[in-house]
Amino acid sequence: MTIEDRVRDATRAEADRVEVDPEAWTRIQAGVGRRRRTQRRRTALVAAAVALVVGGGLAVAVHARGDDSGVVRAGPGPTTDTAPSTATTVPGSVAEIYADPRGTGVWPFTDHNQVLAYVTDPGDRTFYAPDKTALAFAKQYLHMPDPYIVGSGVSRPFGATGAVVRPSHDSKVQTRISLLNLGADGPFTVTGATTDDIVIDRPQPGALVTTPVKVSGRSVAFEAAIAVEVRLAGQLSGESTTLLGGSTQLGPFSGEIPYNASGGGPGAVVFYVRSAKDGSVVEAAVVPVLFPADTRPLPSP
Amino acid sequence: MGVDGVVVPITVEAQVEALFRQEYVSLVRLASLLLGDRAASEEVVQDAFVRLQTGWDRIRDPQKATAWLRSAVLNGARSTIRRRAVRRRGLEPVPDVAPSAEAGALVADDHRRMVAALRRLPVRQREAVTLRFYLDLSEAATAEAMGVSTGSVKTHVHRGLAALQALLEEVDR
């Protein structure tokens, strides 16, 4: 008899002597109940942390003021160049932040109802994975033709997550995508994106903006050209505007981007660098902003 | 598929219960071979089922739930062994081989000696040998359960069997 056969016989004989607990299934279900209660408590804690972070960020944004130099300084008043007539309230509780669309990021969710609809639909699970969410964002929001995720990571328990995307496997240009986990077991949402070739001074993340949106910063791109768009609730509002920065090294750019939209809510200002070869998007910076509810399209001249 | 072609949604609990009926006993026995303690083995396996049910959404391929459970049980058993090692640090290992006085129990004695020797193997060798020869898993399935390469499985099994042989000869002497 080989040693393998002896092991086989001995382990099976020993295993056959083991009787199992007849109440095992009941104990497992009790354990499931306990674990779910713990998860709910953890989710509430994460939500509270998000409320603190986002609320704090909004408070800074609301009380910061931009001037003509493009430098944002702390002070009274909103970041808008034309002050909104409605007061901006900063969410002060978990319930408020979950009811507040500003807690849902830039994409794919633009309001809380979309998050609820997604989590209650057992179909698509794409946005439960940060790398898949980042990849979908690069394709569908930034319109990169064949993006490639270099890596992603999650910082628990607060759900701060990042993913690095390249426009293709052979490219070295990178866009860093920030994501937020909406609850410990919830889906991810994109909260912004940065790249080394576009450094944005204005608008600041979380700023309240009205049309035209004033933008400034430094960039380096083919023929110095970067494209800037305003997105409201994920949709392009107005037209893409080309601004000129640096062509061989970071150079300053500034401009005013008009947009056409009624109603307010979360949105973003998106800055692109396009490929010299085929004009496709190779990298992008995305700044989340807020549009006040009472803003109306500018009257035609 | 339900009556008249109506699709009946299967709940997560129902799917986990089906797996429980199919795998629970085998997994407790696997854990018991690794740990030598039924109560601790049940605890490890029950915890694996709890995590499976509460994290079902994160199991990318439900077809692989059994493999996931096996890995979870191995991880749980490893943690239990580590905790015990900390508790027992400094104590002399207790010989687990008690030759039977009954002549008719020679085969049973051989089995006990083998299992006792198995439990003295390093954890990875113990897992590899148990998965390969108790569960009759392939090298690839063993590698998947242990989270290592098939090359590592071959090495662990080879060294484990050699160590078992040596331990048994030592006891026989």
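Pro108(A) is placed in the loop between α3 (94–99) and α4 (112–120) of chain A, where helices (H or I, at least four residues) and strands (E, at least two) are DSSP runs numbered from the N terminus. The peptide bond that leads from Trp107(A) into Pro108(A) is cis, with omega near 10°. This is a predicted model, in which local features need pLDDT of at least 70 and side-chain atom pairs count only at pLDDT 80 or more, while totals for chains, interfaces and linings use all residues. Residues are numbered from 1 along each chain as its sequence is written, chains are lettered from A and ligands numbered from 1 in the order in which they are written, and side-chain values use heavy atoms, with hydrogens and water left out.

Chain A has another cis peptide bond, from Arg202(A) to Pro203(A), with omega near 5°; Pro203(A) sits in the loop between β7 (198–202) and β8 (207–208). In the loop between β9 (213–219) and β10 (225–232) of chain A lies Glu223(A), whose phi is near 55°, a positive value in a residue other than glycine. Most residues other than glycine have a negative phi, and most peptide bonds are trans.

Turning to the interface, 29 residues of chain A are in contact (heavy atoms within 4.5 Å) with 34 residues of chain B. The two chains bury about 3,100 Å² between them, 62% of it on carbon and sulfur atoms, buried area being the accessible area (1.4 Å probe) that two parts lose on being put together, summed over both. Arg6(A), Trp25(A) and Ile28(A) supply 19% of the area that chain A buries against chain B, more than any other three residues.

A search of the whole structure finds 16 salt bridges over all chains, each defined as a side-chain nitrogen of Lys or Arg within 4 Å of a carboxyl oxygen of Asp or Glu. Across the interface of chain A and chain B, the rule finds five. Glu14(A) and Arg119(B) meet in a salt bridge (3.4 Å, N to O).

Within chain B, helix α5 (residues 123–133) and helix α6 (residues 139–146) pack at an angle of about 135°, with their axes 10 Å apart; axes are lines fitted to C-alpha atoms, for helices over the stretch in contact, and angles run from 0 to 180 degrees between N-to-C directions. The contact is made by Arg124(B), Glu127(B), Ala128(B), Leu131(B) and Arg132(B) of α5(B) and by Glu139(B), Thr142(B), Ala145(B) and Met146(B) of α6(B).
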